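Open the model in your viewer and keep the selection tool at hand. The stops below go from pockets to domains.

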Amino acid sequence: MENILTTTNISKSYGPVKALNNLNIEVPKGSIFGILGPNGSGKTTTLSILLDVLKPDTGTYCWFNNPNDIYYRKKIGTLLETPNFYHYLSAKDNLKITEAISGRGNEADIDKAIAMVGLHTRKHDKFSTYSLGMKQRLAIGAALLGNADVLVLDEPTNGLDPVGIVEIRNLIKQLGEQGKTIIMASHLLDEVEKVCTHFCILKHGNLLISGPVKEILRNEDILVIETENMAALQQLLTTLPHFIELKQQKSFCEIYFKSNSISPAEFNAYCFNNGIVLSHLEVKTKSLEEKFFELTEN
Ligand code: ADP
Ligand code: MG
């Protein structure tokens, strides 16, 4: 897959605080890429560097696979801080002002951006009459001006009510389906799991892990086992309600269960009590919560 962004060994310190330590990430084109980490882990620092708001101490990054692309910033819409919209103006008039100040987009883009964030029926209403979710949708609309290919959003659901959070998550997914690449910071594992296709985890400025959500955050426990009696085992598995699937490898097999549904010891005992002896039993992956906790604790 083509990458839209590659970073190479980016580091940044604020005095004694090492905010980022040799960050290497690759963001595939068309992905919704989550930068996940607790407060202070370096998410905003990362986004600020990628948008040229902040200079890294060392390291480089490349957008659109082209280090010489001087127009790359025009293709990137950003939402780092909540924009200051005028409360007594409509969505449309607010975006006209944003357009005039930022130089991004034109009149036609404004209507398109408003439609993309689902505010077309309310575009002439005053900003002050909008719900929190609608206000944030307009902020994302502002980032879309000029038909940006990439959106960079810093904690886009922060400060919203539960309804607004759902609205914004759905909007981000929709924009992703329309082909935008979205890079978003979040401190919520659950959010990244729900919204993102790819993600990385930062902890104290260090990259812990990076890759597709589906591969890293499998909500399943996997037991790797060996037995002489495969046929009986297959039969037995069908009686376990939390069994998902069995993958036969060469000499062993992998059994997928819903996470936290059965412990290895329980499984072993269950097999033994049904006349199946396991010659090997090993936990392959842990559930997502456990994994995240392990990755981010301390
Ligand atoms: P996050 O967005 O993940 O919460 P930040 O990138 O804002 O993390 O911060 C990373 C670290 O850098 C934190 O320890 C934070 O206190 C520190 N930091 C961020 N900005 C500044 C600054 N302007 N001056 C000094 N330290 C800063
Ligand atoms: Mg931040």
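Before the first stop, a note on classes: Ala, Val, Leu, Ile, Met, Phe, Trp, Tyr, Cys and Pro count as nonpolar, Asp, Glu, Lys and Arg count as charged, and the others, Gly among them, count as polar. The model on screen is predicted.

**Stop 1: the largest pocket**

Select Thr-78, Pro-83, Thr-98, Ser-102 and Ala-142, which lie nearest the centre of the largest pocket. Its lining has 20 residues, and the space inside is about 500 Å³. Next, colour β6 (76-79), α2 (91-102) and α4 (132-144), the elements that give two or more residues to the lining of this pocket. Of these, α2 gives the most, with five residues. How many of the lining residues of the largest pocket are nonpolar, polar and charged? By class, 11 are nonpolar, six are polar and three are charged.

**Stop 2: the second largest pocket**

Now select Thr-82, Pro-83, Gln-136, Asn-158 and Leu-160, the residues closest to the centre of the second largest pocket. This pocket holds about 250 Å³ of space and is lined by 18 residues. Which element gives the largest share of its lining? That element is α4, with four residues. By class, nine of the lining residues are nonpolar, five are polar and four are charged.

**Stop 3: the domains**

Zoom out and colour residues 3-215 as domain 1 and residues 218-296 as domain 2. The C-alpha centres of domain 1 and domain 2 are 40 Å apart.

Definitions and conventions: Residues are numbered from 1 along each chain as its sequence is written. Chains are lettered from A and ligands numbered from 1 in the order in which they are written. This is a predicted model: local features need pLDDT of at least 70, side-chain atom pairs count only at pLDDT 80 or more; totals for chains, interfaces and linings use all residues. Side-chain values use heavy atoms; hydrogens and water are left out. On a 1 Å grid over the protein atoms alone, a cavity is a set of points where a 1.4 Å probe fits but cannot get out, and a pocket is an open set with protein on both sides within 12 Å along at least five of seven lines; lining residues have an atom within 4 Å of a point. Grid points are joined across faces, edges and corners, and a volume is the space filled by probe spheres set on the points. Domain bounds come from an automatic or database domain assignment.
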